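Please keep the sequence and the 3D view open as you read.

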Amino acid sequence: MKSKSIVKFTIVVLVIALFAYVAAFGLTIGDYQIASVADEEHGIKKGMDLAGGATILFEADTDNVADGDMAAVVQVLRTRLDAAGQFEATVAQQGSKRVRVEIPAVMDTQEAVELLGTTAKLEFRDKDGQVVLKGEQVKKAQAVYGQLDSSGAQGYQVNLELTSEGRKAFAEATERVATYSAESGNYIAIYLDETVVSSPRVQEKIDSESCVITGEFTADDAKTLASQIQSGKLPFSIKVVESRTIGASLGEGALEKSLQAGLIGLILVMLFMLIFYRMCGLMADVALVAYITIVMMIVGYCRITLTLPGIAGIVLTIGTAVDANVIIFERIKDELRLGKTLRASVDAGFKRAFTAILDGNVTTLIAAVVLYFFGTGTIKGFAVTLFIGTVVSLFSAIVITKFLLKQLIGFNIKNPKLYSA
């Protein structure tokens with residue numbers, strides 16, 4: 001029994017140490033490589049406040065801005081950024097005619113402007129150049145994989161959803177164009193900013209609010225075309241009135257201080273647990289190392305953007321993780337005072353503490369969810385790390401700490417004084 005506990009305990013500690021090493025330094029085995037969480041390309045993505053980046057201020061190139069028009073501009077720019085994989089970028093309206101975009105880690109403002117574009121005038125035209133469908137008449141464009149024709153062939157295509165007005169206009173146009181031969185122009189060209197992005201041929205009249213564009217599309221081709229159509233619903237052109245890069249010098253200084261504060265806090269917390277809870281505290285410290293490792297690996301390998309508030313969320317949940325252990329250990333001490341055996345006290349301590357720990361963590365998770373859905377910018381970053389940290393802290397306290405304590409009991413170290421001050 002004792003040897004089994006020693007083996008299990010040793011394996012778990014070694015696994016935690018291995019994961020901590022991989023997270024910190026990465027691992028290379030032959031051609032297989034795991035990057036460290038600090039790797040710039042494959043690890044943690046830094047937010048604007050840590051990495052710097054480009055900031056561009058757009059303005060509507062018209063004086064006739066109707067209610068809701070700028071909200072449409074924000075949505076279109078957000079769609080373009082998401083399509084380019086820039087999920088951590090922020091888009092916010094400023095005043096009645098302007099929108100500010102901030103893109104972390106992009107230090108070339110021209111590259112940022114080209115990524116976003118300044119106009120997005122979408123039009124569907126026949127062979128004579130006549131506009132048969134406008135961008136605002138397209139509700140949605142989405143790349144999908146499905147059946148291409150009656151033969152049952154499968155492939156990528158672009159699904160369009162039209163407004164009722166768009167359906168009527170498109171039905172009239174396709175009925176007319178379908179009568180043309182291929183040589184005389186039986187197609188409708190899709191123009192984005194006066195550039196043809198696709199020219200699908202029309203085989204028959206399309207009288208529906210939903211239709212598809214088929215072709216020899218790859219997944220990327222279909223996604224690109226759908227994004228181009230989806231982003232072409234601006235009611236007017238926009239112009240760049242300001243573009244500049246923001247350095248990360250302030251963020252780097254704040255990051256260094258935040259990490260120092262986090263390290264100092266971690267060391268003090270681990271010492272506190274060791275002094276006041278002795279062997280239980282030692283197991284909690286091992287679980288705390290596992291907690292930090294798991295959180296860093298989730299944030300790094302899931303490519304979650306980390307901001308200074310996000311770091312604050314992680315540091316805060318260190319306290320949450322320890323708080324759960326404190327509740328458990330106090331319950332264990334109560335059971336020991338009642339004269340129960342160490343094993344019975346540990347079982348009862350975890351059982352009695354579980355409800356209180358779960359309630360406390362659920363309320364924190366609810367707060368994190370509310371912050372994420374109703375917050376903006378770096379508040380979302382705080383909410384994400386708070387949510388992840390809370391879930392992992394619950395796992396580390398209920399699962400890892402309990403497992404380690406169980407194995408420790410198997411060592412036949414049963415002196416109650418070694419488990420609490």
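## The β9–β10 pair and its sheet

In this predicted model, nine bridges join β9 to strand β10 (residues 154–162), and the two run antiparallel. One spot to look for is V138, whose bridge partner in β10 is L162.

The pair belongs to an open sheet of three strands, ordered β9-β10-β13 with antiparallel pairing. At the edges lie β9 (138–147) and β13 (210–217), each of which pairs on one side only. From one strand to the next, the twist averages 25 degrees.

## A helix on the sheet

Which helix packs on this sheet? Helix α6 (residues 219–230) does, touching β9, β10 and β13. The direction of α6 makes about 170 degrees with that of β9.

The length of α6 fits expectation: its 12 residues should span 16 Å at 1.5 Å a residue, and because the end C-alpha atoms are 16 Å apart, the two agree. Buried residues in α6 are A222, L225, A226, S227, I229 and Q230.

## Around β7

Now turn to strand β7 (residues 122–125), where L122 and F124 point one way and E123 and R125 the other. Buried or exposed? All four of these residues are buried.

Strand β7 has antiparallel partners in strand β11 (residues 189–192), over four bridges, and in strand β8 (residues 131–134), over three bridges. F124 is a handy landmark here: it stands opposite I190 in β11 and opposite L133 in β8. Five residues separate β7 from β8 in a hairpin, and in its turn G129 has a positive phi of about 85 degrees.

Key:
Residues numbered from 1 in each chain as written. Predicted model: local features only at pLDDT ≥ 70, side-chain atom pairs only at ≥ 80, totals over all residues. Heavy atoms only, no water. Pairing = 2+ DSSP bridges. Axes fitted to C-alpha atoms, helices over the stretch in contact; angles between N-to-C directions. Contact = heavy atoms within 4.5 Å. Expected span 1.5 Å × (residues − 1). Buried < 20%, exposed > 50% of the residue type's maximum accessible area, 1.4 Å probe, protein only.
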